[in-house]
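Okay, thanks everyone for coming. I'll take you through the packing, then some strands, then the aromatic rings.

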Amino acid sequence: MPPRSQRGPAPDSFWGGRPRFAPRRETRSLGGDFTDGPTKSGVAAPRGHLPPMPRGLASLCEPWILAVCCFACSLQAQSPALTGQLQFLDGASLHGALLGIDPHRGVRWQHPAAAQPIEFNPRNLQQVRFDRSPLLPTNSAASCRFVFLNGDELLGRLVSLDSERVVLETWFAGRVSAPRDSLRSMAFITGPHGSYYEGPTGTDGWKISSQGPQFIIRAGPEGAKQVPAAPAAPWRYADGAFISEGVGFLGRDFKLPDQARIEFDLAWQGPLGLLVNVYTDVLDRFDYSQGAYQINLGSGYANLMRIQGNAGMMHLGMAQIPAMTLKNKARIELRMSRQQNSITLLSDGEQIQHWRDPAGFAGQGTGITFYSQRIGPGVRISSLRVSAWDGKSDAQGEPHTNHSANLVKLANSDRVTGRMQSVRDDKLVIATAQAELTIPLARVTEIILAGDNALRPPRQPGSVQLHLPTGERVTLAAATWNGSLAGGVSPNFGPVSLGAAWVRSLEFNPARPGNSADELDFFGTEVQR
Amino acid sequence: MERDSFRTHARESAPGTCVRATAIVWLLVAAQCGFSADATNAPAPAPASSLEFLDGSMLLGALDGINAQTGVRWKHPGVKQPIEFASSNLHQVRFAAPRQIATTAPASCRFRFANGDEVIGELVSLDAEVVVIDSWFGGKLRAPRKELRAIAVNGAGNALIYEGPLNDGGWKFGGSGVVMGGVARPVLINPAAIIGGIVGGDGPRPPATPAWTFKNNGFISTASGTLGRDFKLPPVARVEFDLAWKTMPSMRIALYTDVIDRMDYNAGYQFYISSSYVYLYRRTVNEGGGMVFSATENARVPQMNNRSKVRFEMRINKEKETAALYADGTHVKTWRVSGPQPEGTGILFYSQRTDGSIRVSNLRVSAWDGREEISTPTNAMSETLLHLANSDRVAGKVNAIKDGKVAFAGPAGELQIPLQRATQIFFPSDTNAPPANATGRNVRASLVRGDSVTFTLDRWEGAEVTGASANFGKVTLRVDSVKNLLFNPESPRPPADDLGVWDDSPFSREE
């Protein structure tokens with residue numbers, strides 16, 4: 001490597017967020033123009049370094065073919081590296097840009113202060129979170145959510161299923177097939193679905209308003225005394241998260257549908273005190289003139305309040321969340337259904353409480369607000385996702401189901417247990433203990449092929465899980481990334497590639513708990529294990 | 001290999017014959033239980049250092065070197081070759097394992113300079129132009145007198161007793177574990193039956209889970225239990241530590257206790273921390289056999305309501321019957337504790353919660369000379385201000401300091417004042433004159449004994465770091481004397497974010 005003095009100026013800092021990397025120009029010369037006159041073969045010889053081509057191959061050098069190839073290559077070459085944050089299992093994180101991933105070199109990352117790209121062993125990585133919001137698919141005709149045993153989730157259309165394989169139509173990879181034994185469940189979507197929001201990526205579209213006190217208590221040499229509170233916005237944005245710095249509101253109108261899922265990563269220090277108002281139109285203050293719901297999250301508990309227009313608040317119930325007392329972060333999920341008058345709270349994937357409002361669904365607005373009750377740094381909200389919900393719960397609590405007995409849930413709430421023979425031409429054939437039944441697919445709401453006790457297949461080293469904006473997850477072994485395309489081998493579908501623009505984040509090693517630094521090997525080992 | 005610093009020898013003497021046989025028995029027992037005597041006493045692997053950037057990035061690893069051409073070279077466990085970073089975007093390097101420097105160099109004074117440098121050492125001489133300091137890290141240092149802002153003269157009794165923890169050796173664990181030799185071990189019903197490798201009787205019970213565990217240079221409690229150690233505390237002492245928590249702490253810290261393996265509510269001074277309040281208890285028995293409680297007033301530490309970490313400092317002066325509490329360097333309260341003084345010399349931490357998690361780290365125990373710090377004047381001064389040990393103070397001019405005497409020109413003429421009678425000397429400052437700063441990119445090295453030196457770094461290789469200081473000229477430091485290296489000290493720092501990182505990283509960002 002040449003000395004620093006000969007390398008030119010170091011790249012600027014990334015504060016400001018605008019990607020500043022020049023794309024790698026891997027242009028290939030196809031030779032000069034074809035103006036040297038015909039060769040002995042009769043084909044115009046290109047000027048430059050290439051030898052004359054055989055007649056057969058020369059036919060491939062038609063201008064339109066070359067134009068298509070050039071365009072395809074330019075797509076690869078001109079895609080700027082996506083900026084974001086690389087997070088490690090040991091808690092470290094590095095801003096920068098993802099240059100590439102391949103099985104032999106690991107993850108190539110560029111940081112503004114680094115002299116050259118850094119190649120990280122993915123074994124010690126947690127995820128890559130991109131600064132920008134991913135593209136949302138607009139032409140998805142998905143009618144089914146497929147959940148696989150390895151944790152993959154896809155939205156698509158069920159084409160067929162037999163004793164060996166399931167065939168589905170996806171929006172990003174077309175028609176794919178997977179071994180039937182890799183599938184855990186299929187839930188048929190009957191209402192609106194898809195993401196309404198993924199972020200945050202900045203403060204655009206958000207309302208931030210202070211409700212803090214004018215004075216605070218501070219310890220001093222002569223005891224605690226009252227001092228003026230420092231004026232500041234109660235919420236600030238940094239690195240894909242909103243961080244509370246005072247008492248105040250953070251609100252946004254998401255145009256919530258009648259059935260919605262609201263998920264976010266929540267981190268806190270000290271006692272937790274966060275109010276989440278949902279289905280509200282008032283984004284910058286407390287207003288009890290309009291119906292909404294309020295979830296009061298504290299250290300190890302949650303309270304659900306119904307805001308009744310001009311009638312105050314009514315306590316609908318409380319739930320204990322003991323796991324939250326042993327840590328200071330959790331993934332919170334709310335599932336709201338106007339049709340079912342229900343509110344369901346989950347923490348880290350576990351259902352905490354399901355409430356049903358006996359007075360009907362109170363929410364009259366379409367927005368969400370977060371209200372921090374604490375002075376000073378209190379909570380951080382990140383990885384927020386708002387999506388439509390089909391009103392169905394996940395396939396939990398079906399431990400009796402295994403591969404030899406499948407469970408089919410019907411629209412009239414009936415359940416059928418047996419061995420599914422096939423799904424074809426919109427008809428499901430299932431062999432029960434009594435008889436073989438043929439059920440129109442339109443009457444089926446969910447098919448569970450494997451219960452909670454099904455073995456999760458081991459993840460191959462070097463696997464990466466792609467998180468897509470629709471909540472879909474695709475695991476790829478021997479994963480590659482070149483800035484415009486993500487590719488690899490899906491253990492379910494085989495070789496897969498999709499545009500990098502669709503990817504919300506990349507997750508490495510999801511099954512591994514965070515390591516402390518002293519548990520990590522130092523360099524000297526192979527790149528891939 | 002790092003070891004806890006300790007005033008007396010920490011290593012046990014070689015066992016005699018009977019003890020040796022017992023040791024063999026326990027080795028066989030440990031083997032049966034899958035324990036290894038070496039493993040239980042082996043120090044934990046050194047945690048990684050951290051490299052922090054101005055953009056908020058952070059990497060764990062180890063510093064490989066620094067020079068002007070390649071910048072900072074950082075070794076990361078996930079990268080084959082050291083990574084080179086330009087220093088212009090760096091915030092700091094924090095070295096995880098505190099260095100222990102064996103030195104007998106006296107340190108009777110602390111010197112503060114206009115650019116923020118602080119040096120602990122001996123004042124050799126001071127005249128109109130130059131101050132000469134005998135420092136433990138750089139030998140004799142010469143600095144322009146005009147850059148000197150203050151001298152704090154330490155009393156004779158400020159010796160460091162302990163700084164750690166670097167491992168769990170020497171500590172006693174109580175609560176849910178069985179305390180033997182400082183580590184929770186399995187309980188054996190019939191150890192005699194183990195001799196010869198035959199397990200008899202009821203056999204060993206599964207090892208109990210200690211309430212406190214050592215990790216990343218700190219002790220973490222996830223259950224109710226005690227953690228104690230006999231530090232041979234002198235009658236006047238300071239105890240400082242970082243306390244971090246996930247749910248509001250409920251714990252007691254007993255100082256001058258003679259019971260270090262369980263909670264004894266009658267032993268020592270007991271600080272009771274509950275949410276953001278701190279109480280001090282001293283319980284004694286009066287002549288009638290009843291309990292007498294001293295010093296039950298509480299103190300409030302409001303920052304505990306919206307943070308997850310506070311640095312506490314307790315200063316005990318048994319001679320004056322006072323106990324003072326500091327939080328994050330700010331005095332919170334001083335209690336007067338009259339009556340019989342505790343006879344013990346140990347410290348005990350007792351976590352009372354069974355559902356939370358608290359962490360104690362960066363513990364520092366030292367003797368204390370009983371002197372309180374005096375706040376540095378914030379206004380520009382035209383005269384030197386000399387504070388004396390009898391609480392007097394005089395304004396005037398220091399003509400010179402030599403051979404332990406201060407030639408002070410005051411209203412009554414020139415006096416020769418023994419330096420040991422002074423507590424602090426504040427020199428006049430010209431707020432219009434900028435402090436001396438070396439040209440080029442500065443770094444500020446914080447050293448293990450509390451010094452800090454700003455200089456232009458030339459090279460960090462092997463065992464030495466060299467550079468040029470505006471105050472002291474050429475600087476050569478031992479690498480293992482540096483606990484923190486701050487880059488670009490004039491640049492604004494990224495806002496600290498401790499949210500959600502405590503259980504993932506050994507570090508939380510300092511505010």
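**Rings, cores and strands**

Let's start with a single side chain: B:F173 has a relative accessibility of 4%, so it counts as buried. Keep in mind throughout that this is a predicted model. How far apart are the ring centres of B:F173 and B:F219, and at what angle are the planes? The centres are 6.0 Å apart and the planes sit at 65 degrees, so we call this pair edge-to-face. B:F173 belongs to strand β13 (residues 172-173) of chain B and B:F219 to strand β17 (residues 218-221) of chain B, so the pair ties together parts 46 residues apart in sequence. There's a cluster here too: ring pairs link B:Y162, B:W171, B:F173, B:F214, B:F219 and B:F231.

Over all chains, the search turns up 34 aromatic pairs. One of them, over in chain A, is A:Y293 with A:F361, a tilted pair at 5.2 Å centre to centre with 55 degrees between the planes. These two come from distant parts of the chain, 68 residues apart: A:Y293 is in strand β20 of chain A, while A:F361 is in the loop between β25 (350-356) and β26 (367-372) of chain A. Buried or exposed, for A:Y293 and A:F361? Both are buried.

Now the sheet in chain A. Seven strands, if you want to trace them on screen, run β12-β17-β26-β19-β20-β21-β22 in an open sheet with antiparallel pairing. At the edges are β12 (207-210) and β22 (312-320) of chain A; each has a single partner strand, so one side of each has no neighbour in the sheet. On average, neighbouring strands are turned by 20 degrees against each other, ignoring direction. Inside that sheet, β19 (residues 273-280) and β20 (residues 292-298) of chain A are antiparallel and joined by 6 bridges, with A:G273 opposite A:G298. Then β21 (residues 301-308) of chain A pairs with β22(A) over 8 bridges, again antiparallel, and A:L304 faces A:G317 there. Their hairpin has 3 residues between the strands, and A:N310 takes a positive phi near 60 degrees.

Back to chain B, and strand β25 (residues 309-317), where 7 of the 9 residues are buried. On one pairing, β25(B) is joined to β19 (residues 236-245) of chain B by 9 antiparallel bridges, and B:F241 has B:F312 as its bridge partner. On another, 6 antiparallel bridges connect β25(B) with β26 (residues 322-327) of chain B, with B:E313 partnered by B:Y326. In that hairpin, with 4 residues between the strands, B:E321 has the positive phi near 60 degrees.

Last, the cores. The largest nonpolar core has 116 residues, and A:L506, B:F85 and B:I151 have the most contacts inside it. Its largest share, 5 residues, is from strand β3 (residues 58-67) of chain B. It also takes at least three residues from each of domain 1 (17-98 + 436-498) and domain 2 (109-153 + 385-431) of chain B. Apart from that core lies another, with 45 residues, including B:I273 and B:I316.

That's my tour, so over to you.

How values were computed: Residues numbered from 1 in each chain as written. Chains lettered and ligands numbered in written order. Predicted model: local features only at pLDDT ≥ 70, side-chain atom pairs only at ≥ 80, totals over all residues. Heavy atoms only, no water. Core = buried A, V, L, I, M, F, W, Y, C linked by side-chain atoms within 4.5 Å. Buried < 20%, exposed > 50% of the residue type's maximum accessible area, 1.4 Å probe, protein only. Domains from an automatic or database assignment. Pairing = 2+ DSSP bridges. Axes fitted to C-alpha atoms, helices over the stretch in contact; angles between N-to-C directions. Phe/Tyr/Trp six-rings, centres within 6.5 Å; stacked < 30°, edge-to-face > 60°.
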